[in-house]
Amino acid sequence: MPAARGAILDVLGVSFIADLSGALFWEEQSLLIVSDLHLEKGSSFARRGVLLPPYDTAATLALLSMLIARRNPRMVIALGDSFHDSDAHKRLSTADSQAIVAMQARRDWIWISGNHDPALPSDIGGIVADEVAIGPIVFRHEPTGAPGEIAGHLHPKARVSTRGRSMERRCFACDGERAVMPAFGAYTGGLSIRDAAFAKIFQTLGFMAHVLGDNRLHSIAASRCC
């Protein structure tokens, strides 16, 4: 589990702890937010003949379980695409299903609907919503660029050049009024923050990339990223 050396990320004056795992924690609300788990992505690919090691769901849930044990949140919000396809929940192993039940025990759990899982089943525990508003903050899957929004969907990543080398890492994208979270899932890819999709949300490159490093988050102006 990454050490708890995160960074403070502010959205409309609300302070969140940006965790090295790619999660956000709103301490005042005892709220943990994760995005784009894409559970059972490996088995989805296998059905199409693309064989990947079938450990992505177990790895993702293990990381989430450790994070929940460390933060002990009162509520968890999963920002959509928690399951890679409409049948993914049926392919969960017994152990993985039990892990989800254990994490939900004694806390509120909200699944936000995503484009990969628009019709979540009622037997996965918790409640399902299109979006959730708490105070000035709105949690949804697909970003619109609205002030106070925290969203996922785009899987932001940043390429940074240093000491003659360049490396690409997942990141939080935030300008103080809105934020896009990195994907939490083990097999999730990423989209460069220099892509036009981010320009539609932030309008300019005046936002920050909070890049997930090995031991801490690195806050870098988007304009400095490749």
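**Overall fold and the setting of Asp-123**

Among contacts in the chain (heavy atoms within 4.5 Å) between residues at least 6 apart in sequence, 67% join residues at least 24 apart. The model is predicted, so that local features need pLDDT of at least 70 and side-chain atom pairs count only at pLDDT 80 or more, while totals for chains, interfaces and linings use all residues. Residues are numbered from 1 along each chain as its sequence is written, and side-chain values use heavy atoms, with hydrogens and water left out.

The chain contains four helices and 16 strands, which are DSSP runs numbered from the N terminus (helices H or I, at least four residues; strands E, at least two). The radius of gyration of the chain, taken over C-alpha atoms, is 17 Å, which agrees with the value near 17 Å for a compact globule of 226 residues, the globule rule being 2.2 Å times the number of residues to the power 0.38. Along its principal axes, the C-alpha trace spans about 45 × 40 × 30 Å. Of the 226 residues, 51% are buried, where buried means under 20% relative accessible area, exposed over 50%, and partly exposed in between (1.4 Å probe, protein chains only).

Asp-123 is found in the loop that connects β6 (108-112) and β7 (127-129), and this residue is exposed, because its relative accessible area is 63%. Although Asp-123 and His-89 are 34 residues apart along the chain, their C-alpha atoms are separated by 9.4 Å.
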